Amino acid sequence: MGKVVLIKPRKKCEIADLLPSNIGRASMVHSLIESFEELYSEIDIKVADLADISDLKTYHNSSYIDYLMQRGSSDDKEFEDKEDMDEFYGLQYDCYPFDQMTEYVQETCGGTLSAVSELLKNRESSKNKHKKLRLNVELNQKSNNTSNSDSRSEFEKAYSEKTVVAIHWEGGRHHGHKSNASGFCYINDIVIGILKIQKSLEYMPKIMYIDLDLHHGNGVQNAFFYSNNVLSLSIHHFDHETRFFPFSGGEILGNDSESKLAKNGMTLNVPLKKGLNDENFIYIFDEIVVKIVSEFNPEYIVVQCGCDGLAGDPANIWNLTIVSYLHAIRKLLEYTVSNDNNLSKNSPDNQNEKIRKSADNNSDKKRLLVLGGGGYNNTNVARCWTAITLYLTKYFNSGEFMSFEEVVDTLVPDHEFIENYSPYYDLSIEANHLQKDENTREYLDFVIEKVQSVWCKST
Ligand SMILES: [Zn+2]
């Protein structure tokens, strides 16, 4: 079945909690996850590594990282023109320098790199195991030995050791640019993580980046704008009038940049209006994301689960509940494990054939990297990300999907922040039933058609 790895911040979230836009959020998320003792015992927990400066420079401009590292250290007095330099590198307004910023940046990026390492770890060993197992099966056949069931259980055991999903809730800093900070993002751990996947393999895998944050995933899009192997798809709010941050990703609504984006069809943007509810999110997700995932057939999916689109978020733009996020995760998980599922359902009679096929096609390659992002109601973010962690872990332990109702009705155990969950003390988030969804079915169908036409340019 495979397993889930959760990356935990270092030092009891002391550093992760310092991000100025999300003070104390990491503690709330991890305290809630840990309060589910049974769940916690079933997850494979790894503590985030600290990224090296060289890791940060695999994407970011060297002079930006040098400045960021020195500016974030305790001794930054040597910069006489600090204000100008800060402005130049975007370290102002919502991205101001803060105490221990250096360590925060290294940990945020390091956590995503740890998650990527977990996903890559079993690749080689898994490949070798396939070879060995295939050899065993062939030997068994030659000697007319009927121990197929032994081979099968050995094969399943090998499968159970691999990490299929890795989660890093402190990652997902999607606005980070190559040479400057932006939108609460000092570095772009997503880009650095994707580059690590590419560099670690002997070939160029197909990678799909899916961004569910309320804001456009501009930093990741820009990094892979000309890639033929990384497909970037962002679902976000876009508004011409308010120039909603970062005021990009609305190309399909106008004509100016459409031709530019359509060049290779690997940059897909889904601009949506205010009030998006679960029903319309699920409609657009199935009509666009699910179809394109199956057509693109990526080996790696990286999903940014920023949840500032939840009802009750201070952004107050969308009206989603946890059900939207669980739906998205379920669809991506179904895709990721589809071959594994087929294998587990095979009868013993054709198991040898399946093992062979699996090894030959490398069909166990798919991996899912789940990252965090925005979300400014700490309690609701903790609910949403704990619900996803619970959902994924239970699937890998039981082989069955929990119902969404069961997940959201789960009661919050007593823990440090229990009072935040009153009055119902569960994982549910209520939609605002008075808020109108401005995304009409006609508008959604228009968006679906436009995105499909851009996507078709790549195929
Ligand atoms: Zn956001």
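**Loop, sheet and helix geometry in a predicted model**

Arg243 lies in the loop between β5 and α10; helices (H or I, at least four residues) and strands (E, at least two) are DSSP runs, numbered from the N terminus. The model is predicted: local features need pLDDT of at least 70, side-chain atom pairs count only at pLDDT 80 or more, and totals for chains, interfaces and linings use all residues. Residues are numbered from 1 along each chain as its sequence is written.

Phi of Arg243 is near 50 degrees, a positive value in a residue other than glycine. Arg243 has 9 other C-beta atoms within 10 Å and is therefore exposed. A residue is termed buried if 20 or more other C-beta atoms lie within 10 Å of its own, exposed if 12 or fewer, and partly exposed in between, with C-beta atoms placed from the backbone. Phe247 lies in the loop between β5 and α10, and its phi, near 55 degrees, is a positive value in a residue other than glycine. Phe247 counts as partly exposed because it has 14 C-beta neighbours inside 10 Å. The loop between β5 and α10 (258-262) also holds Pro246, which a cis peptide bond with omega of about -5 degrees joins to Phe245. A cis peptide bond with omega of about 5 degrees joins Ser422 and Pro423; Pro423 is placed in the loop between α15 (404-408) and α16 (441-456).

The protein chain contains 16 helices and eight strands, and 47% of its 459 residues count as buried. Eight strands form an open sheet with parallel pairing, in the order β2-β1-β3-β8-β7-β4-β5-β6; two strands pair if DSSP finds at least two bridges between them. Strands β2 (44-47) and β6 (267-272) are the edges, each pairing on one side only. From one strand to the next, the twist averages 15 degrees.

Strand β5 (residues 230-237) is mostly covered, with eight of its eight residues buried. Val230, Ser232, Ser234 and His236 point one way from β5, and Leu231, Leu233, Ile235 and His237 point the other way. Strand β4 (residues 207-211) runs parallel to β5 and is joined to it by five bridges, and Met208 has Leu231 in β5 as its bridge partner.

Strand β1 (residues 3-8) pairs with strand β3 (residues 163-168) in the parallel sense over four bridges, and Val5 stands opposite Ala166 in β3. Ile7 lies in β1 and counts as buried because it has 25 C-beta neighbours inside 10 Å. Leaving aside residues up to four places away in sequence, Ile7 touches residues including Lys46, Gly111, Ala166 and His168; contact requires C-beta atoms, placed from the backbone, within 7 Å. The C-alpha atoms of Ile7 and Glu170 are separated by 8.7 Å, although the residues are 163 apart along the chain.

The axes of helix α1 (residues 25-35) and helix α14 (residues 378-398) come within 9 Å and cross at roughly 40 degrees. Axes are lines fitted to C-alpha atoms, for helices over the stretch in contact, and angles run from 0 to 180 degrees between N-to-C directions. Helices α1 and α14 are therefore oblique to each other; angles under 35 degrees count as roughly parallel, over 145 as roughly antiparallel, 65 to 115 as roughly perpendicular and the rest as oblique. In α1, Arg25, Met28, Val29, Leu32 and Ile33 meet α14 residues, among them Val381, Ala382 and Trp385.

Key:
Two residues are in contact if their C-beta atoms, placed from the backbone, lie within 7 Å.
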